[in-house]
Amino acid sequence: SQTKTVFKPRISIVMRYGKVTWIVVLLVLARSRWAWQSLFVWTQGANLHGRTLNGHVQLLPSCRLRQTSVKRQAQSDDSTEALTDLRYGCRNITIVSSAALPWLTGTAINPLLRAVYIARRHQHKVILALPWIKDEGEQELVFPSGITFQTTQQQEQWIRRWLEEQATGFSVADANSFEIAWYPATYSSLLGTVFIRASQMDMTSELVPDNFADVVILEEPEHLNWVHHGGRWSDRFSHVIGIVHTNYRRYAEEDDQRDPLTSMLQPAFNCFFNVICYEYADVNIKLSGTIPPLTRDVTVNVHGARQHFIDKGLAFASGTLSAPTPSQAYFLAKALKAKGYGELLDLYESAPDLGITLPGLDAFGSGKEENEIRARAAETGLPIVFHAGVDHASTTLDKYSIFVNPSTSEVLCTATMEAVAMGKACVIADHISNSFFKMFNHTFFYKPGDVDDFAAAWHDAKEFVEAGNLGLSQENAAVLSWDVAVERLFEAAAMPAGAPRGTSGTLSHCSTSLHWCITGPQLGDVLRDVVGVGAEKDWDRSKEKLRIATI
């Protein structure tokens, strides 16, 4: 679902504009005495309360965190199964999201729904941690037109009201069944995403009270920790679960095809990506196999569809809701070539040369490349009608019975999940990111890039709808529900009895120290400027506050 002209983080931008700087950074790190001192001290197990190097108060990760009995328990092999199996007991769960409503993006909606569905079980206590963008100018770039907030309380009220009025199926009690915490953040217009203000908070030690720190779910662990300069999540929380939403490597690889120097740096980028995930999470859950292998990873879809979409699919199946016109089809995605528009235009442009006539299509989406996409379609006279982006729950889309999505860049497409839940016939690429949807009989697959196969799948979808098969079965509704998605999450996150925490190993500690050195005041601010996040301005004040807290 999406309504705003905001685009996904483009790591390729970092690679494009930061090539020389990345090389300089590696050279500086190699010659940086304070960086290697920190690494040596940490690997030797020293526990320092503070160390002043080059005029800055430097705190090693170990001194920022109070070692709790839960954390010591988690490192015991005998307690691994009990501490990681969330199907049993009463736990305190912190869910850290990289985005927040009213930005209607999957990385904002899915963590929110996960928090509600876990909390409403009345088994675990839940805190949802969200980014607070204080600057109203930055808010205007992220949120729908006319929506800004002066306080976190105002934004929290908006979010809870959205759950009650628009998410469907939630009572007032459900919307208030969890707590919300905030961390200081800033929006990078260059990358089109939100980052923590690392100098203002160490999330690992300040996000939740000591007596609540138990289980933490990091939604997009590589994103949350990209500029994180703090302690180890596993030192404070008994179980750290990472859920990988986005294939950031894909964005870099797209630029890779055009730039030889970026291609040379790609292995270093992949290594850094893996290090960040490795050092912080006990288990990394990939929503699909499109994400390359990670350390301690498991592939399972732990997302569900909003009840609004499932109810509509059941209503179509029961006949209480009339089926829309069979001949109408639509595509819904942010207006970026990487989000499926590139593949879509390629298919339509290739069709005439093969003597194939593709049906007309309505495309809904806003984004940075919207004008470029529309101009390309108009230049060749493609039968595609473009519209501004809307929420997938909008009644504007009720008249469509066929959903077309040629994208292969997603990890697991939220829009496809929602269309499947509504029981619409879905024409999608036979790609590993869509493997989850192969269990449904109203999905029609084609070989990516094959125009003839694409036309055949579309024809089969049309016949399926005209035969009166639109709708969702009760069995499929259960599979798509968030209640079952939570069960899948708990099962995937559980570690077998006797299994040691991977984050307790020497390599993980070394990775932590390396990342901590790279993201510190000196080198870290260079990196922040390179990637468009912006250098922090108040390191001394922040570090002094943390130093006093650990004495």
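Predicted model: local features only at pLDDT ≥ 70, side-chain atom pairs only at ≥ 80, totals over all residues.

Colleague: OK, where is Thr443 placed?

Modeller: Thr443 is in strand E16, which covers residues 443–446.

Colleague: And is Thr443 buried or exposed?

Modeller: Thr443 counts as buried, because its relative accessibility is 8% and buried means under 20%.

Colleague: What does the side chain of Thr443 reach?

Modeller: Two backbone oxygens: that of Phe437 at 3.0 Å, and that of Phe440 at 2.8 Å.

Colleague: Leaving aside neighbours within four places in sequence, which residues is Thr443 in contact with?

Modeller: Leaving those aside, Thr443 contacts Val420, Cys426, Ile428, Phe437 and Lys438.

Colleague: New topic. How many residues are in the largest nonpolar core?

Modeller: The largest nonpolar core has 110 residues, and those with the most contacts inside it are Val96, Leu163, Phe178 and Ile241. Helix H6 (residues 106–119) gives this core its largest share, 9 residues.

Colleague: What about a second core?

Modeller: A second, separate core has 35 residues, including Ala333, Leu345, Ile373 and Val465.

Colleague: Back to helices, then. Which residues of helix H16 are buried?

Modeller: In H16 (residues 341–350), the buried residues are Tyr341, Gly342, Leu344, Leu345, Leu347 and Tyr348. Leu345 is also one of the residues in that second core.

Colleague: What do the buried residues of H16 pack against?

Modeller: They pack against strands E11, E12, E13 and E16, along with helices H17 and H19. And E16 is the strand where Thr443 sits.

Conventions:
Residues numbered from 1 in each chain as written. Heavy atoms only, no water. Helix = DSSP H or I, 4+ residues; strand = E, 2+ residues; numbered from the N terminus. Buried < 20%, exposed > 50% of the residue type's maximum accessible area, 1.4 Å probe, protein only. Polar contact = N/O pair within 3.5 Å; in protein donor to acceptor, adjacent residues only side chain to side chain. Contact = heavy atoms within 4.5 Å. Core = buried A, V, L, I, M, F, W, Y, C linked by side-chain atoms within 4.5 Å.
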